[in-house]
Amino acid sequence: MQKNVITSSATGDKCIHVKHDSGLDIYICEMHGFSTVEALFGTKYGSINTMFRQKGDTEYTEVPEGIAHFLEHKLFENEDCDVFELYAKTGANGNAFTSFDKTAYIFSCSKNYQESLRILLNFVQEPYFTQETVDKEQGIIGQEIQMTNDNPEWRVFFNMLRCMYHNHPVKIDIAGTIESIAQIDADLLYKCYNTFYNLNNMVLSIAGNINADEVLAICDECLKTCEDKGLETVFPDEPDEIVQSEIYEKQPVGTSVFHIGFKCKTCSGVERLKKSVTASVAMSILCDASTDMYRRLLKDNVINSTFGGEVFCGDGYFTVIFSGDSSKPEVIRENILAETERLKSEGIDDKMFQRIKKSAYGSMVRELNNVEAVANTMMNSHMEGVSPYDAIKFTSELKSDDVLSFIRDELRGDRLVMSVIEGTVES
Amino acid sequence: MKYNRTEISDKVGFLSVIDEKFKTCQLTIRFIVKNDPEYVSENAIAVGVIATTNSVFNTIAKMNEKLSSLYGSGLSHITGKRGDLQVLSVSSSWIDNRYAIDGEDITREMVQIVRDCIFSPDIQDGGFSRENFDIEKKDLLDRIDAEMNDKRSYALKQALQTALKDEPAGIVPYGSKETALRVTPQSAYRAYKNLLKNAQIEISFVSPYENSLAEETFREAFSQTERSPQEVVFRTPSPIKPKIEKVSEEIDVRQCKTVMVFKSDSDDVFALRLVSMILGETPVSKLFVNVREKMSLCYYCACHFSPPKNVLTIDSGVEKSNIQKAEDEILRQLDEIKKGNFSDDELQNALASLDNAFSSVGDSPTSYPMWFFECLCDGEILTPAQKFARFLEVSRQRIVDAANSLKPDTFYYMLSKED
């Protein structure tokens, strides 16, 4: 078992990384003075992983859309009981989520964390699927899909992704469709489970009121050693160009909602984190509430306080997205394009750059104040192939020229997509 | 953790919390007044203006430039409701001075900014500055229009408006389009001056170490402010209708929503909360296990109890053809509790979940002020452990009695349009 202490040079915060003999990577952050514990047991398996093979397989296996999410739901049922019943005895709050590139099983608690950790480690390693329980789940997930179909924020986001990506599975809904989940059966679930829920493809992240030695002793007790089967996931080739530049859909909403996104080139690991930090600062320089563009759009009643931006990236996709409620999204698009062109020719004001950098640093320090955020950062960083405190380090090292290069190279008018959900309700 | 609450002016409480584990400070000012349809929109817009600008940083751009230079310090506002009361909060948070790379005294600057927001807004022609006012008014109007965007919260709002109509709690805390449209920069400023004079005010300051600056600053500022606070009543149970009121509306949605509102005339809020927990607040509750897991009727079927109005709501998203089936099962599960058909395990699970939630208080800078505010509303300052002890005292019979006190009042249905 290899054990390393990772320290943030900026704040002095520390966590421990352990490569466990079972194959699992473990991150532990003891947070003195806190009473809660947050634990995530995650696998690098999300909605985009629809095509894969392992050592010895000659062909790639292709699975229905939404199966990672379906599997997450089904893992909560053991052969003899429901996992929630086990958590109920310890008082822990159990949950799980599936995103584009990961699935994580979570508990948070303020007492008996040791027992809750045993529950978490054991149930994720003990799948139990039958056709009967699979059929039952289709009704529940069917309702989840319908609920998200009525959610304009969800629809506007996926419509944007569909206009941006020709082939990459990031454009498919995380939960799949009513039709795709109908193709899922117990055998397929076992196939996916045995492929992706190998401890060599997983991470345990735990933070808060814990003792590292206790955590490791429980891991020794519960983890079953896995052979690394050389998992390989592939994505179809994706051109740099977008599919179409705009899409409009009507829904019963009171205000129109929009997403305006730039499709950027992809990268991975440390390069992706650096690019993501750079893109975040670039976005703030473009649309922060202190900018001239923001002030102008606010004064002209084009945007309101919902206006903002985010960087959305993962394996094979990287986008910078501006979003909010507005009845004039075309005006916002024009302004964003004009502002990027101005920055490309005039450069970035250094005072502003330093201020935005400070603001980014402040928000990262804040996250270290929060047990849940610390546990999430450790898991996400590992899955990205970086260290938990790298984002603070890269932010402090960031140069104005890096940001300008990003704006010049990546924020291109011909890679811009606008998605709008327009209201059918009279306001 | 150390805390101390003092009254720094007439009905102005100042809660100071020191907890060395935090890397941030948090300063919150809450104005508490009756949820009055005449003033809800004025108050909401006024608090929006004062939380985004002041006389020194008199535009949103200037204020945000300053906040980002102070390491992305936050300044935000929320207009909410608690029972018949409107609660308007201005909240600010910033990283502690220890983490300032250039050695700035962030705390001193932020306390001054918040003080200026509260006591020195940007005033022109006897009202808020037109530019800042217009921005906040548009924001509120957009928010009102956007109510329909989130179908679940829209359904809950419609159900509660029907269940609590003719009561202050039935009014949306930021008002309607009609009330928002008639607000002027002058009327909003007048309303704000009334808040400073008449509202019950609760200030809280959470810091990693002892620092009297915020308390001294606000004590001094309130010493120069005329106060004539109005009494507020935190708990006013809603009268039960003699007959269930059923309302429905057709919307072009894929999933229907149902909201069932029950009311109680019992004062046993601890037992009522346990009914809610056992019935539908956790993944081992009767509704989750039966309506979702066994019958596969929905993705969510959840229960919530609101002590200020003695109202229990159950909401769910279902297929149109399953609405009756889901409703029958929800009523059947409630009947089971009324008959005492719940196991010791179900009760223990509910208690363990509450214990977990109460023991978490103190792990975020916002949780302390929230806890003390809840205590203030309940009329008694208790530690989380003391409050949990009250739940432990609840007998099975009290739970059965509380369940039997619940009467169906309003059922709301959002129906998908026929093809």
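Start in chain B and select its open sheet of 5 strands, which runs in the order E9-E13-E10-E12-E11 with mixed pairing. Strands here are DSSP runs (E, at least two residues; helices are H or I, at least four), numbered from the N terminus, and two strands pair if DSSP finds at least two bridges between them. Strand E9 (245-251) and strand E11 (298-306) of chain B are at the edges; each has a single partner strand, so one side of each lacks a neighbour in the sheet. From one strand to the next, the twist averages 10°; axes are lines fitted to C-alpha atoms, for helices over the stretch in contact, and angles run from 0 to 180 degrees between N-to-C directions.

A word on the ground rules: this is a predicted model, where local features need pLDDT of at least 70, side-chain atom pairs count only at pLDDT 80 or more, and totals for chains, interfaces and linings use all residues. Residues are numbered from 1 along each chain as its sequence is written, chains are lettered from A and ligands numbered from 1 in the order in which they are written, and side-chain values use heavy atoms, leaving out hydrogens and water.

Stay in that sheet and pick strand E10 (residues 256-263) of chain B with strand E12 (residues 311-318) of chain B: they run antiparallel, joined by 8 bridges. Click B:Met260, and its bridge partner in E12(B) is B:Ile314.

Now hop to chain A, where an open sheet of 7 strands has the order E1-E2-E3-E9-E4-E8-E7, again with mixed pairing. Its edges are strand E1 (2-7) and strand E7 (93-98) of chain A, each with a single partner strand, so one side of each has no neighbour in the sheet. Ignoring direction, neighbouring strands of this sheet are turned by 15° against each other on average.

Zoom in on strand E3 (residues 25-30) and strand E9 (residues 202-208) of chain A, a parallel pair with 6 bridges. There, A:Ile26 has A:Leu204 in E9(A) as its bridge partner. Next, show helix H8 (residues 212-222) of chain A, which packs on the sheet, touching E1, strand E2 (14-19), E3 and E9 of chain A. Contact means heavy atoms within 4.5 Å.

Last stop: the interface. Here 65 residues of chain A are in contact with 62 residues of chain B. Among the 8 salt bridges between chain A and chain B (a side-chain nitrogen of Lys or Arg within 4 Å of a carboxyl oxygen of Asp or Glu), select A:Lys358 with B:Asp102, whose closest N and O atoms are 3.1 Å apart.
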